[in-house]
Amino acid sequence: MNTIAELLEKHRPLLQGTRMETEATLQSVESRLRVTLPSDVKWFLQSCGYGPANAIPNIVSSVSATERFRCAVGLPAQYVVLDDRNDAGTVLLDTTSPNGPVLWVDTHALPKVGKSPLSPSEAEQFGSFASWVAYCIEVEVDETAV
């Protein structure tokens with residue numbers, strides 16, 4: 001498995017954005033959501049920011065969506081919404097593990113997150129944030145090759 005740094009080295013044009021986050025911004029996110037972001041996620045946002053592969057579209061939107069989902073569907077506090085893709089589902093970061101596992105959950109299965117097991121048809125699981133980033137790179141490469 002590739003690390004985030006290795007992925008950046010190999011795929012810089014797909015990951016490198018023009019706007020990066022600061023330590024202070026990320027501390028504010030952690031404080032507001034009462035979570036500790038995995039170190040890979042923090043490094044990624046501070047080193048890459050928001051690039052074409054779109055692993056995390058916007059941390060401000062992530063905070064807003066996380067708060068909204070916590071109220072609307074009882075999203076457990078350990079999860080941070082990385083991307084609300086509306087009818088295509090929601091991408092969640094599990095902050096309880098240093099690897100930062102990611103779940104891409106079907107919209108209708110969101111109320112089950114953290115309460116009952118999700119079937120493979122309800123969620124795609126990525127064992128780490130790095131795996132999620134690798135998947136986003138793959139999708140971007142496939143879309144630009146067409």
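Reader: A residue is called buried when its relative accessible area is under 20%, exposed when it is over 50%, and partly exposed in between. With that cut-off in mind, and given that this is a predicted model, which residues of H3 are buried?

Author: Helix H3 covers residues 39-47. Residues of H3 count as buried if their relative accessible area is under 20%, and the ones listed are Val41, Lys42, Phe44 and Leu45.

Reader: Within what arc do the buried residues of H3 fall, seen down the axis?

Author: The residues concerned are Val41, Lys42, Phe44 and Leu45, which are buried in H3. They line one face of the helix, because, seen down the axis of H3, they fall within an arc of 160°.

Reader: Which residue with a positive phi follows H3?

Author: After the end of H3 comes a residue whose phi is positive, near 75°, and that residue is Gly49.

Reader: Which residues of helix H2 are buried, and on what arc do they lie?

Author: In H2, which runs over residues 23-33, the buried residues are Leu26, Val29, Glu30 and Leu33. Seen down the axis of H2, these buried residues line one face of the helix, because they fall within an arc of 95°.

Reader: Which residues are exposed on the other side of H2?

Author: The buried residues of H2 include Leu26 and Leu33. On the other side of the helix, the exposed residues are Ala24 and Ser31.

Reader: Against which elements do the buried residues of H2 pack?

Author: The face of H2 in question carries buried residues, among them Val29 and Glu30. These buried residues pack against two helices, H3 (39-47) and H4 (59-73), and against a strand, E1 (79-84).

Reader: What is the phi of Arg34, and is Arg34 buried or exposed?

Author: Most residues other than glycine have a negative phi. Arg34, in the loop between H2 and H3, is not a glycine and yet has a positive phi of about 55°. With a relative accessible area of 66%, Arg34 is exposed.

Reader: Where does Asn86 lie, and what is its relative accessible area?

Author: Asn86 is in the loop between E1 and strand E2 (90-94), and it is not a glycine although its phi is positive, at about 55°. Asn86 is exposed, because its relative accessible area, against the cut-off of over 50%, is 53%.

Reader: With which residues is Asp106 in contact, leaving aside its neighbours within four places in sequence?

Author: Asp106 is placed in the loop between E3 and E4, and it is partly exposed, with a relative accessible area of 32%. In space its C-alpha is 6.6 Å from that of Thr90, although the two are 16 residues apart in sequence. Leaving aside neighbours within four places, the contacts of Asp106 are with Gly89 and Glu122.

Reader: What separates the C-alpha atoms of His108 and Glu122?

Author: His108 is in the loop between strand E3 (102-105) and strand E4 (123-126), where it is exposed, with a relative accessible area of 74%. Along the chain His108 and Glu122 are 14 residues apart, and their C-alpha atoms are separated by 8.1 Å.

Reader: How far apart are the C-alpha atoms of Ala134 and Thr3?

Author: Ala134 is in helix H5 (residues 129-145), and it is partly exposed, with a relative accessible area of 29%. Although Ala134 and Thr3 are 131 residues apart along the chain, their C-alpha atoms are separated by 9.3 Å.

Reader: In what pattern do the helices and strands follow one another along the sequence?

Author: The protein has 5 helices and 4 strands. Read along the sequence, they follow the pattern α-α-α-α-β-β-β-β-α.

Reader: What radius of gyration does the protein have?

Author: Along its principal axes the C-alpha trace spans about 40 × 40 × 25 Å. A compact globule of 146 residues would have a radius of gyration near 15 Å, and the protein agrees with this, having 15 Å.

Reader: What share of the contacts with a separation of 6 or more joins residues 24 or more positions apart?

Author: Buried residues make up 45% of the 146 residues in the protein. Among contacts with a separation of 6 or more, residues 24 or more positions apart account for 54%.

Definitions and conventions. Residues are numbered from 1 along each chain as its sequence is written. This is a predicted model: local features need pLDDT of at least 70, side-chain atom pairs count only at pLDDT 80 or more; totals for chains, interfaces and linings use all residues. Side-chain values use heavy atoms; hydrogens and water are left out. The radius of gyration is taken over C-alpha atoms; the globule rule is 2.2 Å times the number of residues to the power 0.38. Buried means under 20% relative accessible area, exposed over 50%, partly exposed in between (1.4 Å probe, protein chains only). Contact means heavy atoms within 4.5 Å. The arc is that of the directions from the helix axis to the C-beta atoms.
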